[in-house]
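Student: Hi! Could you walk me through this model?
Tutor: Happy to. Have a look first, then ask away.

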Amino acid sequence: MTKYGSACLSMLVGVGVFLFWFFAYPHALSYQEQYQLFLWTWDYFVERISLPGGFADWLGEFIVQFYYVQWLGALLLSLLYVALQRLTARLLPKSWWPVSIVPVVLLWWLMGDINVMLSLPVAVVLSLALTCVRIKKSLSATDAMTLPLAYWLIGPAIWIYVMIRVLQFGWKHLWTSGWLLAVQLAAYAWFLPQWPLQQVLIGLNYYRIPLQTPQLGGYDRDMYELIRQDYLVRNERWDEIVSRAGKFEVRTPFWCNCVNLALSQKRLLADRMFDFYQSGDDALIMPRTRDLTSMLPSAETFWRLGMVNSAQRYMFDTQESILNGRKSGRCSKRIAECMIVNGHYLTAKKQLDLLKKSLFYRGWAEEMESLVKDEAKVNAHPVYGKLRQLRYKDSFLYNYEEIDKMFGLLLMNNTDNKMALDYFLGQMLLKGNVQGFQQYLGLARQYGGYREMPLGYQDVMRCIQARGNVQGSPYAAYVKRMSERRRP
């Protein structure tokens with residue numbers, strides 16, 4: 001057991017981590033990948049290592065870019081965790097090899113916090129690797145020279161190295177803790193006065209939210225369900241969204257936006273909208289919210305409706321709301337597409353030039369750069385050409401409170417836009433505007449392409465005629481819930 005137990009444990013860790021991320025949480029990998037854009041340039045590397053912990057940050061982002069291909073990202077994560085377990089086992093007495101699983105489990109659980117950056121486990125592994133390096137010369141002299149450089153490359157995780165050395169060599173090596181603290185304070189005073197001291201001491205790049213630290217909170221089911229729904233939207237897996245919505249719901253506008261978008265793409269919104277939880281006026285599209293996640297399903301909805309300018313605005317605001325100041329490959333790609341549809345090729349080229357410096361977006365960016373050289377090809381494109389026919393012909397501002405009117409104008413602009421029709425009537429129902437619904441219901445007969453009136457609309461008409469007294473009616477249940485919410 002002593003001879004082969006550690007190796008078997010390493011194999012178990014590697015297989016377990018791979019299966020966990022690839023099969024159970026691929027959406028978490030996609031979530032992390034979409035909030036960075038790793039560039040294969042010297043300038044990008046220099047920018048990262050210009051801060052303490054920058055090399056660990058750069059190496060973490062290097063790995064995260066491969067999350068774009070889920071199996072490859074899961075494989076690299078498993079190798080990282082195996083390295084963590086092997087290095088820990090090497091530092092322990094041989095008979096203590098089972099204990100080497102402890103830091104793996106702790107970091108695994110810690111990464112349930114979606115704002116923990118991969119730079120943290122990378123920095124931990126680098127610190128342990130440095131501890132395993134054999135020093136032929138004086139350890140004290142070596143540490144005096146290497147600790148400042150190690151701190152700058154790895155960040156405050158280098159304290160792991162210092163604590164292990166103190167445990168190995170006793171109190172006489174305790175001076176290194178004072179030396180490392182002095183290094184951090186000197187770095188703050190001379191190079192980092194613009195940063196809060198707290199961040200300099202605990203790490204600038206380990207956590208996405210400034211001035212906060214990771215929490216051992218685990219994997220919150222509701223939060224990860226929302227991340228999964230957005231992941232499915234990104235990959236246009238509409239059937240899976242609807243299927244999951246029937247089994248597990250998260251009562252938030254974000255969840256509603258994803259489910260309703262999936263229903264609309266399956267042409268089921270008019271039939272089944274109120275079979276699922278609806279949060280209220282914001283269930284189809286949310287108002288602008290300054291964070292890095294909330295507006296994504298709304299932006300995707302705007303894009304497919306043909307409200308291209310709104311899609312671009314939501315995606316731009318999402319990218320600018322990434323709290324650690326990184327770019328987003330997903331957002332940059334959609335912004336470029338919006339610019340292409342609008343014919344703004346020069347500004348689109350700025351986004352394409354950036355994406356061409358990445359690994360997984362390069363091919364697409366080069367293809368788009370070739371496409372925009374021929375206006376006829378853009379018009380003939382199956383997506384961009386269609387959106388040019390659906391979009392508004394004029395640019396103007398609007399109030400979110402009148403979003404239903406915007407859907408109506410979109411329909412009148414192109415009566416083939418059946419998604420706009422479904423959203424127009426659906427938004428009036430969410431607002432409780434049954435008079436407007438009755439007034440414009442004829443549009444569903446005229447432009448909807450339905451052989452018979454959708455079941456959802458039939459249910460609404462029964463509710464109107466019976467003044468809401470319809471047993472088992474999904475729409476009646478929604479109206480009752482909204483009335484109770486508004487009641488003081």
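Student: Is Gly343 buried, partly exposed or exposed?
Tutor: Gly343 is partly exposed, because its relative accessible area is 32%. Buried means under 20% relative accessible area, exposed over 50%, and partly exposed in between (1.4 Å probe, protein chains only). Keep in mind that this is a predicted model, where local features need pLDDT of at least 70, side-chain atom pairs count only at pLDDT 80 or more, and totals for chains, interfaces and linings use all residues. Residues are numbered from 1 along each chain as its sequence is written, and side-chain values use heavy atoms, with hydrogens and water left out.

Student: Where does Gly343 sit?
Tutor: Gly343 is in the loop between H18 and helix H19 (345–355). Helices (H or I, at least four residues) are DSSP runs, numbered from the N terminus. From Gly343 to Gly246 the C-alpha distance is 41 Å, and the two are 97 residues apart in sequence.

Student: New topic: where is Leu37?
Tutor: Leu37 belongs to the loop between H2 and helix H3 (42–49).

Student: And is Leu37 buried or exposed?
Tutor: Leu37 is buried, because its relative accessible area is 5%. Leaving aside neighbours within four places in sequence, Leu37 is in contact with several residues, including Tyr44, Lys327, Leu354 and Tyr361. Contact means heavy atoms within 4.5 Å.

Student: What classes of residue line the largest cavity?
Tutor: Its lining has 14 nonpolar, four polar and three charged residues. Here Ala, Val, Leu, Ile, Met, Phe, Trp, Tyr, Cys and Pro count as nonpolar, Asp, Glu, Lys and Arg as charged, and the others, Gly among them, as polar.

Student: How much space lies in the largest pocket?
Tutor: About 800 Å³. Among the 33 residues lining the largest pocket, Glu236, Glu300, Trp303, Arg304 and Arg334 are the closest to its centre. The lining divides into 11 nonpolar, eight polar and 14 charged residues.

Student: Last one: how do H26 and H27 cross?
Tutor: The axes of helix H26 (residues 455–465) and helix H27 (residues 474–486) come within 8 Å and cross at roughly 60 degrees. That makes H26 oblique to H27. Axes are lines fitted to C-alpha atoms, for helices over the stretch in contact, and angles run from 0 to 180 degrees between N-to-C directions. Angles under 35 degrees count as roughly parallel, over 145 as roughly antiparallel, 65 to 115 as roughly perpendicular and the rest as oblique.

Note on methods. On a 1 Å grid over the protein atoms alone, a cavity is a set of points where a 1.4 Å probe fits but cannot get out, and a pocket is an open set with protein on both sides within 12 Å along at least five of seven lines; lining residues have an atom within 4 Å of a point. Grid points are joined across faces, edges and corners, and a volume is the space filled by probe spheres set on the points. Helices (H or I, at least four residues) and strands (E, at least two) are DSSP runs, numbered from the N terminus.
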